[in-house]
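Good morning, and thank you for making the time. I would ask you to look at the chain on the screen while I go through it.

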Amino acid sequence: VFCSPMEQILERLRAFGEFEIIIFGDKVILEDPIEIWPKCDCLIAFCSSGFPLQKAQAYAALRRPFLVNELEPQYLLHDRRKVYEHLEKYGIPVPNYALVNREYPYQELDHFIEQEDFVEIHGKRFLKPFVEKPANGDDHRIMIYYPNSAGGGMKELFRKVGNRSSEFHPDVRRVRREGSYIYEEFMPTGGTDVKVYTVGPGYAHAEARKSPVVDGVVMRNPDGKEVRYPVLLTPMEKQMARDVCNAFRQMVCGFDLLRCDGRSYVCDVNGWSFVKNSYKYYDDAACIMRKIFLDAKAPHLSSTIPPTLPWKSKAPEGLTRQGSGIIGTFGQSEELRCVVVVIRHGDRTPKQKVKLKVTEEKLLNLMLKYNGGKPRAETKLKSAVQLQDLLDATRQLVPPTRSGQESDSDAEDLEHIEKLRQVKAVLEEGGHFSGIYRKVQLKPLKWIKVPEHNGDGEEDRPIEALMILKYGGVLTHAGRKQAEELGRFFRNNIYP
């Protein structure tokens, strides 16, 4: 109740002048009998650590208030198995998963098999990487196990501790056996987690943050708040938000959304969740909750909308407005469709160039191979396959080691061989072709007439070409820092 989002929303509800807000307090909830609890028309009650849910149910049965979040379904939220089963019951997509239920710690199960790179549950196999979640919804230690081909090990995800949200354990390869777990396939989401917040079945707000799977470092803005930014929900995702709200009968709730390969899945549902540090959201939530209360207890007033909101719209000084846009609202007349940014790259190393005239048939044939067989057209080699072909040809033309015979060659031949060696060295750099810092141009300079293959005439055949190798232009450490700082500034300050 005393968290900042709740206080912001209650403050706005008071400003309408239509409600008396009573906070029961710990003593009343924990010590007093329900018969002397204050009477109310609408009850906001949500289960957290130490909250007597059964006692709240007894009070609701005695006084019959309108429940913003119904109490009985809140038991489901403490068991991930029941959450998944409930989601499936209502046709809400969930990741591919299987359950391992143990009656006592370290119980051996015939239907559970663990091998080096997979687990098998009731004949259903999950190859690494896969995700392991405790059945207990209050246990937030989630593990991801990686295959040997990726180096093995396990990454532990947990609730934020300082600036950390995950830790990698390279030597942990076996799954846990202390209790019951859900195993599900790992879904690559591009390094982003999406959290959806509902206020009634007709309103949904979505925010994204850097996934703890990336490196476990929590991104924070200058105010120390975790960096989150609003995202657009698709029509299908908006329907999923409505379905989650109705399925669990929780007007105000939050859930995790996984976006993978063009599809979306719900993987965790939390009761009574609010967006942080978003004044527009607080305004919207207060207006919607006002209508919910009046619809339930004073429907003759619910259609009356104040011409202006009875509270200051300006945010207090010193608080960030990051994430203040409400995106993904039902019935919204305007939606941001796209953000396009053109940014010059950061500081890079100088570009370098090697030029040489080539007459070798292997290189001339390579030029014809990639320019469509046109003897007077130049060729640009950029792809990994093209550059590998060039490297293979160059390796055959360059002697593996310098020999004394080279001293008998004239200076021009020596210079040509040295340039070929330089081309070979640049192409071999790094052991693989990636990035865009190497490209080669082959421009025909001389050609001769040769008989056509069918003997009907003559065709041109190149006998000399100019090879130009351009390389360099790799981001420096300063350039990488510039790019990261610019990206953070854009995401934190411009995009929201």
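Predicted model: local features only at pLDDT ≥ 70, side-chain atom pairs only at ≥ 80, totals over all residues.

The peptide bond between Lys 128 and Pro 129 is cis, with omega at about 5°. Phi of Arg 64 is near 55°, a positive value in a residue other than glycine.

Let me turn to the domains. The domain assignment divides the protein chain into domain 1 (5-68), domain 2 (76-286) and domain 3 (348-399 + 416-478). Between the centres of domain 1 and domain 2, taken over C-alpha atoms, there are 30 Å. In their interface, twelve residues of domain 1 are in contact with 13 residues of domain 2. The size of an interface is often given as the accessible area lost when the parts come together. For domain 1 and domain 2 that buried area is about 1100 Å², with 78% of it on carbon and sulfur atoms. Which three residues supply more of the area that domain 1 buries against domain 2 than any other three? They are Ile 9, Arg 12 and Val 68, which supply 45% of it.

I close with two helix pairs. The axes of α8 (residues 361-370) and α9 come within 10 Å and cross at roughly 165°. Angles over 145 degrees count as roughly antiparallel, and α8 and α9 are therefore roughly antiparallel to each other. Their crossing is right-handed. On the α8 side the contact is made by Lys 362, Leu 363, Leu 366, Lys 369 and Tyr 370, and among the residues of α9 that take part are Val 385, Leu 390 and Leu 397. By class, this contact comprises seven nonpolar, two polar and three charged residues.

The axes of α9 (residues 384-397) and α10 (residues 411-428) also come within 10 Å, crossing at roughly 140°. That angle makes α9 oblique to α10. The crossing of α9 and α10 is left-handed. Residues of α9 in this contact include Leu 387, Leu 390 and Leu 397, while α10 contributes Leu 420, Val 423, Lys 424, Leu 427 and Glu 428. The contact has seven nonpolar, one polar and three charged residues.

Definitions and conventions. Residues numbered from 1 in each chain as written. Heavy atoms only, no water. Axes fitted to C-alpha atoms, helices over the stretch in contact; angles between N-to-C directions. Helix = DSSP H or I, 4+ residues; strand = E, 2+ residues; numbered from the N terminus. Parallel < 35°, antiparallel > 145°, perpendicular 65-115°, else oblique. Left-handed = near helix turned anticlockwise from the far one by under 90°. Contact = heavy atoms within 4.5 Å. Nonpolar A, V, L, I, M, F, W, Y, C, P; charged D, E, K, R; others polar. Domains from an automatic or database assignment. Buried area = accessible area lost by both parts, 1.4 Å probe.
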